Amino acid sequence: MQATKKFNTNEILQKYWLLIFTILFAVVVALVEPSFLRIGNVSSMISTACLTAIAAAGLVCVQAIGEVDFSTGEVMSWSASMICVLLHFGHVHGYVAAFIISILSCLLLGAFNAFCHVVLGIPAFLATLASANVFRAFTLLLTDNTTLYKGKWDSKVFTFLGQTKLFGFLPMLFIVFLIIAVIMVFLLERTKLGKCLYAVGGNPRACEYVGINQKKYKVIAFLICSVLCGVSGVLQASVANGGGANSGDAYQFQTILVCALGATFIKKGISNIPGAFLGSVLLTMIANAIIMIGLPNFYQYAAQGIVLVAAVLISVRIRAKNERS
Amino acid sequence: MAKKTETSKISVRAKQTPREFFTSWLLLFAMLVICVIFYIANPRVFSAGSVESMLATASMQGIVALGLMFVMTTGVFDLAAGMKSALAAAIVGSMMAEGFTMGGYILAIALGIAASVAFGVIHGVLTINLKIPGFIAALALRMILQAVVALLTKNTVFYSNDWGEQFKVIGQGSLFGIPYPFLIFVALCVICWFFYERTRTGRHIYATGANQTAAAQVGINTVKIKYISFIVGAILCAIGGILYTSRNFNVCVQQGLDIQMPAMTTVLLGAAFWEPGKYNVPGCFVGALFTVLLTTGTFSIFTGGLWVNALLQGLAFLIALGLISRTMDGGLSKVNFDM
Amino acid sequence: MSAILEVKGLTKTFGGVNVNNNISLELHPHTITALVGENGAGKSTLCKMLTGVYHPDAGQIFMDGKEVHFAGPGESMAAGINMVYQERNVIGMYTGAENICLGEEQKKGLFVSPRKSAEIAYEVREKLGLKVPLDVPVSKLGAGEQQLIEIMRAFRTSPRVMILDEPTASLSKEEIQPFLDFVKRVRDEMDIAIVFISHHLEEVFEISDQVVVLTDGNMIINRPVDQVTEDECVAAMLRSDKVTPIEVAERDVITGKEPLLKVERGVYDGKEHDIQFEVYRGEVVGFYGIVGSGRTECLETIYGLRNAKERSFVFDGETITKCKPLDMLKRGMIMTAEKRADGLFRGLSLTDNICNLFLDELLKDKFMQVIDRKKAVDFTLEVLTEAEVKYNTPAQAVAALSGGNQQKVAIGRSIALQNIKMLILDEPTTGIDVGAKRGIYRRVRALAEEKDLGIVCISSELDELLSIADRIYVMANGNVVDCFKRADFNKLNILETAVRGRKL
């Protein structure tokens, strides 16, 4: 009996270590520097984490089919710029309309990625590297290489989603993220779409045997990813009260990093949204804590890199243990 | 059965089909066409100063690309290459700030290269021994190196008055108008070409990436070869980074981040040139010149030039990739993105 | 002539199974020794011990009279033992010459000289009397020519012992005879010992000097070719009955009925195959043949997994010429994968693996396509219980199950298909222990007899088919060669048909 009990604790530790580590981290930092857990600080960390997490939710879909998307940052820049340009130059009246159009335009970007990968047969990592360049070009063209800030729009409405804090501390962004996360998790876990996406990534060959149309789901995955990155971009613009071609740059690698971390949470090697969110929270906390403690900000990169390596090592160990054949 | 064939009748390599010939020279051809177009549009693109600058930039980018090429040949998508180059530069920069004289430059440079090699080996350990997916290991290393370089450069654009004027010479000097970096680049290209195509180790690096099983079957020690590719790659990246610092006379974290994408583009474009489907040295050479020319040209000609540059880079990339997938069977080494 | 290589009492055990048991033989120069045996008899294990990939658990290896221990393939190659494998592994973008010199490229001074390498390569080619072009990238050559390149590569190091693993497997009909002549020439003119692994007895008897038959890890025959007959070989290849056959009464399900599946024509993989066969409801039809006989390819064409230039068959009264797996699933036919890894989603749960086949039926509502979880789990439990799978929870990864249980999952989910009429099992009991096999056999019979399904069972274990099939089709070289009814089951005859590749 003793042996099985021990195994269970071990297992739980390995599954939930990301959550445990995040909580422990927060506690330790708070002990060293109590202002870390100040309401204002916490809500600002959550805001930042949500922006990454929303884009990561999209990337999770692409990773579910077994590919990557390197154009996430540029799509975000595009949609952030799009909404600014639409409202600033009066092409569209009304925030909601601009919001919707910006996000829908990202569908075209996703379609481009899907075309390069599925139709032309270019490996996704290369195709999206190339398309990142192309999207950047479009964004630069759109914004005429400027960054629009505090433009001719009603700032109150524009920054509503990004800067409002409910009850004084809960960022509106978190609500938005929650809604998206719930929808996406539901989609991925409970619907046929989700099952098929994971099936394509799980074993393309087996999909042929059970009659799942790989191409269709690959296209859908890229479309979803671009749309969600678009949402993130628009929200970013809301937070910053402006946007330009560089809006998404910082998020490019963050999304991938966050998904890699998230893949070590519960699902052992499969990218997932709760994990990605935890990952964003953890990374944001690390960045924030480093500053709070008084270390120069670049230490966050080292910390993040080390956490990533540790996370993957654990994940690799779990997977090796779990698979017999 | 044992007859000796007349050596004069042996053909080492068959002639390429017209289609293959066209594909393999397309990049160079495209570059020449673009040269002509740019010249017509704005002759100042080819002024002496501009050409000097382009050659120098292409060289630094190209040397890092050579380093990247060796690692990518064995199938590792090295996102940390740029930072390895910045690391070497940072070490050199901070050591010189401690007041090294001419002789000390050699030591500083040697240490810079050694540091880069050390991280190359760490990358190898992570990927080969600990079996962390190569892509993730590169991502993590990139971040860690960002911190290390920031530490060394005191998180700013680092420059010190203690850097002697002699340090500038290598990066900013020129011989009959040809910048030293370019001469070094050409020299390195020649050396790398010989190493990659005409030594056993270099050929084994390619073989390990192309078909590891075949390499193992003929007795090649694939683990050792992979480590060698990491080390050689790190050395080249280091040289590129140090040149960059010498030329700009400062070093910063951004340097490493900025050079990553151009180097990556160079290597991948180069794979569409000369021997489509295989990373190669002439390809890196032409690819570096091509991307820099494109960037410089579009900036000079179009006043809002940024977008044109990005668009053309992206399109060039796509065309190159399309060509590679269409012409070559068993082409570029497979890159793994499993988590 | 003294032996170049001698092995005494070589034994190797894997996970309790004795894969090579006390093997002793000698390899002499100017001799072709044929190594014969069914799949799993232990041939490749023996060769891997000779090439240093595996270390023997017991026994000794002697080269030129001196005992040797190979730590790895490098050492055995240095000692002069070289092997050409069944699967091709060449560097596509290198020319033939470059592939031949791979590993030991020829130098001129400090640098590798392609010209010198080419010279050496051409020399090797001359010595072997071949005509394969050496100046084109090998990706442009056919499988047969690539194999010859690999053989030349192995010869470049002037080996003393040369092992050829199923060398004619990837050759076209026209290429086989020249190849056999080539091997004979090598034997006559070069001072080396050749080991020729093959299933094809006509080839074996045409060129070999010594015949070694391995069965279940034991060496049954080791005699000069003129002291053994083909019949003796075939008899030796028969495995001892390890499984008590299950009771199967002779049934007649055919008379007076229309076939469920009637195959007329198939043109795939570049040529026309003679694959006319029938399957009736309520029977188990076995497909036997030696490895490479084309059974999987044939059934994959029917199931729609393989692209075929032309195909024509009648399934359940409907004539079909174009199909994809999804179509066949809807019509009630399903196939399991030969390699288990191809058919299951390793990292996904049991529930997912089973339900991925039935997503449309488990939907709660059509619009959002939400899956009815309870229904899915209930369904999964049903399938798992009926298939007698040993598992922890339906949420565990399928990769954590044993091979046998994984197979049960694959079969179990297949037969849960609503309108299932025909089930194609491809090597369903590979790598499964004896007890689990019996369970599967019982299941298969029950499916045919009680559920009136038509079942096609592709297998390389003749005993298995003799035990559970009502009829057995024998395939060879991609064609259906003969059919045996249960009443006429004769192990020797069937094996001979398969091995000879033609009707007796």
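How many bridges join strand β1 of chain C to β2(C)? Seven, and the two strands run antiparallel. The model is predicted.

## Sheet in chain C

Strand β1 covers residues 5–14 of chain C. Its residue C:F14 has C:V17 as bridge partner in β2(C). Both strands belong to an open sheet of four strands in chain C. The order is β2-β1-β4-β5, with antiparallel pairing.

The edge strands are β2 (17–27) and β5 (66–68) of chain C, each of which pairs on one side only. From one strand to the next, the twist averages 30°.

## Helix pair in chain B

Two packed helices are described by the angle between their axes and the distance between the axes. Helix α7 spans residues 180–198 of chain B, and helix α8 spans residues 200–210 of chain B. Their axes come within 5 Å and cross at roughly 65°. α7(B) and α8(B) are therefore roughly perpendicular to each other.

On the α7(B) side, B:F195, B:Y196 and B:E197 make the contact.

## Positive phi in chain C

Most residues other than glycine have a negative phi. C:E166 has a positive phi, near 45°. C:E166 lies in the loop between β9 (161–165) and α6 (173–189) of chain C. C:E166 counts as partly exposed because it has 19 C-beta neighbours inside 10 Å; buried would need 20 or more.

C:D452 is not a glycine either, and has a positive phi of about 60°. Its loop runs between α15 (434–449) and β21 (454–459) of chain C. With 14 other C-beta atoms within 10 Å, C:D452 is partly exposed.

How values were computed. Residues numbered from 1 in each chain as written. Chains lettered and ligands numbered in written order. Predicted model: local features only at pLDDT ≥ 70, side-chain atom pairs only at ≥ 80, totals over all residues. Pairing = 2+ DSSP bridges. Axes fitted to C-alpha atoms, helices over the stretch in contact; angles between N-to-C directions. Parallel < 35°, antiparallel > 145°, perpendicular 65-115°, else oblique. Contact = placed C-beta atoms within 7 Å. Buried ≥ 20, exposed ≤ 12 C-beta atoms within 10 Å, placed from the backbone.
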